Every structure is written in C-alpha cells, then in structure tokens.
Amino acid sequence: MATDTDSTPSRIAPSPKVGMVSLGCPKALVDSERILTRLRSDGYAMSPDYAGADVVLVNTCGFLDSAKEESLEAIGEAIAENGRVIVTGCMGEEAETIRARFPQVLAVTGAHQYEQVVEAVHEAAPAERGPFVDLIPQPDVKLTPRHYSYLKISEGCNHSCAFCIIPQLRGKLASRRIDAVLREAEKLVAAGTRELLVISQDTSAYGVDVRHEERMWKDHAVRTHMTDLARELGGLRTADGVPPWVRLHYVYPYPHVDAIIPLMAEGLITPYLDIPFQHASPSVLRAMKRPANEAKVLDRLKSWREICPDLTVRSSFVVGFPGETEDDFKYLLDWLEEAQLDRVGGFRFEPVEGAQANDLPNPVPEAVKEERYARLMEVTERISAAKLAAKVGRIIPVIIDEVGEPDEDGDMGATGRSQSDAPEIDGNVFIRDVDADLCEGDIIEVVVEEADAHDLYAAPVA
C-alpha cells in the first residue's frame, strides 16, 4: 500500500521546562504557585532541577539585608548551574543592584508582577501551543503538600512601621474580592486540602481599602471583612464532610478580632492566632511606630482564653531595636511572663535599606542583641515547655504530614501537627505505632505521652 510522505503527521514539539527557586515568606510562595500555574496553562512543563530547565525563575525576598544576600546567592547559584535566569519578587525592585552583580540575568521584575514574569519567560523560552493544549484543563500548581494550602487574601500594607519596607516593595493594601477568595478556598478543599492557611500582610485589615464592600456568595451577601471571611471559611466541608482546619496568620489585634474567638470556640475556625506583637515596651513600640496598648492586649488575651480555652497564640518579637534599653527589654520579658504566649519567634534587629529605623539614634551593640536574644529564648522556651507538658495525657486531633517506613518489627511512625502548630514555623507531634494505611493529610486522634520545649510525642487512640 502506497503512502504519501507529505501527509505524515508532524510531532508535537516538546514543552520548554521552567525551574523555580522560591525564597521568603508564604506570600511569596503563593506568588510562585500562581506564576507556575499560568506558565503551565501556556504550555510549559516544570523542571525539578537546574539541568533540565530551559529557564530558571528566582523569586526573591527583600525584607532584610540578610534575606537580600540569600537571594543574591540563589541567583548566583542558578546562573552557575543553568545560565538562563529570570529574577522576580521583592528584591526585584532593586534591579540595578541585581544587574550590577549579575549582568547576565535575562529579566528582572518586582513583587507580584505576574504578567511581566510570564512575558519574560515567553521571550526567553517560547512555547509552541499545540492544538491539544487546552483540551484537558490543568490543575493549579502547588508548591506545598496536597493536604495544606496558603490562601492569600490581599497584597500590600497600610502600616508605616519604622523597621519595615513592605509598603515600598508591595504597595498599599489591596484586598482581593471576597467571592474570589471563597471560590479559591472551595476549589482547594474540593481538591484535597485539609488545612487552609490564611495569609496577607495584615489579615485584620482585609477589606478596609474597599470599605468592606459586599459581594454575593452562593445565595447571600458577604462583606469583604475578616469576620465574614472567617465565618464562610468555617462553613466549608471536605469531600467526606469534614470541616478543614482554617488557620489565621498575620492578625493585628484590632477590636473586631474579638468576634473571631467565638467562631474558634464553636469549632468553625482553628483556635490559633498569629499576631505580630514585635515588642511590649511602650517606648520601643512608639519608636517602631506600632500601637502601644500592651496592657489592653493582656486583658484581651485573658478574655479570649476564657471564651476559647484551647486558643494558641503565636507571635514574634524584635530585640535590639535602636534605643531599646535594658529596662525596655526587662519590660518585654515581664510582659511575656504574664501573657504566656504559646509559640514565640525571636529576631535580632537588622537594618534594611530604606527603613526609617536606620536613622534612629542609640543603636544597640551586636553583643547586647545576642545576649538579649538568648534571654528571650530562654524565657519563651520555658513557657512553651510548661504549656506542652500540660498536654500530656490529653487526646488531641493531629494532621499527618509524613508517614515513615516500617522498622524491622513492622512498626511505623508518623509526623504530624496539632491545631497549635502551623507548618514550617511551629512544633511537631511524633506518633508511634500508626496503622499501615495511614496517609498524609489524614486527621487522627492521638493521646499525648510526652513533651519537650517544642514538640509532642503521642500514640494513636485505640
């Protein structure tokens, strides 16, 4: 049988591959997911390593000078390993600095400039969209495990904290439409997410910029407001009818946060608040240009715990801020003793180019910063150890992050987190003798057997 060689079907060209290095906070991770999702819909494939990538994206962090240096090192490594590099993210605002050190970068774009990044990739490694690219819808790219997802509700910030340059990097507060946020959350839960981590620069300010406008969601109106958002998220259900954990991050203690606590007591929202207090001394808070209402916060913490006894409060504090005296630091330690926060992160003050704090008088010597940091950690670890020890004997729910391999006796262990533990920043629950069919993302009940300063050790409830 004769064949017509001219009619031989042409092969579909292989998709260009994109590699991604994502640095910084969860908000930047969400940006990376959105960029990769868009690129995959445009016909690109993802590369897990430098060698297989036609172009590498480096999503940078520019919050601190140390973070900038880490970003520059990542750019240098990507250039050395691949050579074809596009830079985006917060440090992308300093294009001249990046190009001065790495003139061979293909393009530099700023934070959440999705269209510019995608255009730069199209130019660096064009993709030929074949006739079948759009026939099968592609799921969104996730850079986190399937069972938890970050839900970004806004960009930017309206604060002018003396130590921060986020407004210069990401602009003023820009809230997402609440119906779009809820639609994304519903989609994530339907795809297998068991834990939603709500993030922004200031979650409590959600909707201020749009005057808390109302949008229709399902058959009713909802305000673009933190409390409405929390209530609606609390009504979501997984495919098996279980409510997902909903964890709130970057919550400034505005008055309306009080309305969230009953939702936690009812089980609609995970009883966890991540509140960036930064300090407690009134004079330091004023110098930081932060609200100086530390006494009222203590009263509210007490009230919150009366309503929701299982509430976990996480925060972070800066030591060695310019002008911080020994009395200021002792005030902070005394405040922490009274506040009894569950999870605390500490940071030594670090100047960042463009921040107002750089011009403040009376810088604290590095040795004093180190000494104060050590004392802060000593106090907060002691508080944490006591709080975790009080959980020994209790039965608590745990979400599974990793299941181990059987040992020589066939016994298996697993690593999970309680409702008091956010991924990457808090502690773990190490579980012995789990069932062989246990999977990542399962939520099981365990009995706590031991505790240390950061983690719990448990066994499944029989």
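Colleague: What should I know before reading the numbers?

Modeller: The model is predicted, so local features need pLDDT of at least 70 and side-chain atom pairs count only at pLDDT 80 or more, while totals for chains, interfaces and linings use all residues. Residues are numbered from 1 along each chain as its sequence is written, and side-chain values use heavy atoms, with hydrogens and water left out.

Colleague: What is a salt bridge, and how many are there?

Modeller: Side chains of opposite charge can pair when their charged atoms come close. The rule asks for a side-chain nitrogen of Lys or Arg within 4 Å of a carboxyl oxygen of Asp or Glu. Counted this way, there are 34 salt bridges. One of them joins Asp31 to Lys152, with the closest N and O atoms 2.5 Å apart. This pair links distant parts of the chain, 121 residues apart: Asp31 sits in helix H1 (residues 26-41) and Lys152 in strand S6 (residues 148-152). Helices (H or I, at least four residues) and strands (E, at least two) are DSSP runs, numbered from the N terminus.

Colleague: Are Asp31 and Lys152 buried or exposed?

Modeller: Both are buried. Buried means under 20% relative accessible area, exposed over 50%, and partly exposed in between (1.4 Å probe, protein chains only). The salt bridge between Asp228 and Arg223, whose closest N and O atoms are 2.8 Å apart, has one partner in each of two classes: Asp228 is buried at 11%, and Arg223 is partly exposed at 31%.

Colleague: Where in the structure is Asp228?

Modeller: Asp228 belongs to H7. Helix H7 (residues 226-233) is mostly covered, with seven of its eight residues buried; among them are Met226, Leu229 and Leu233.

Colleague: How do I read strand pairing around S19?

Modeller: In a regular strand the side chains alternate between the two faces of the sheet. Two strands pair if DSSP finds at least two bridges between them. S16 and strand S19 (residues 443-451) pair in the antiparallel sense over five bridges, with Ile399 opposite Ile443 in S19. S19 also pairs with strand S20 (residues 456-460), again antiparallel and over five bridges. Ala451 has Leu456 in S20 as its bridge partner, and a hairpin of four residues joins S19 to S20.

Colleague: Where is Ala205, and is Ala205 buried or exposed?

Modeller: Ala205 is in the loop between strand S9 (195-199) and strand S10 (214-217). With a relative accessible area of 8%, Ala205 is buried. Its C-alpha is 7.8 Å from that of His225, which is 20 residues away in sequence.
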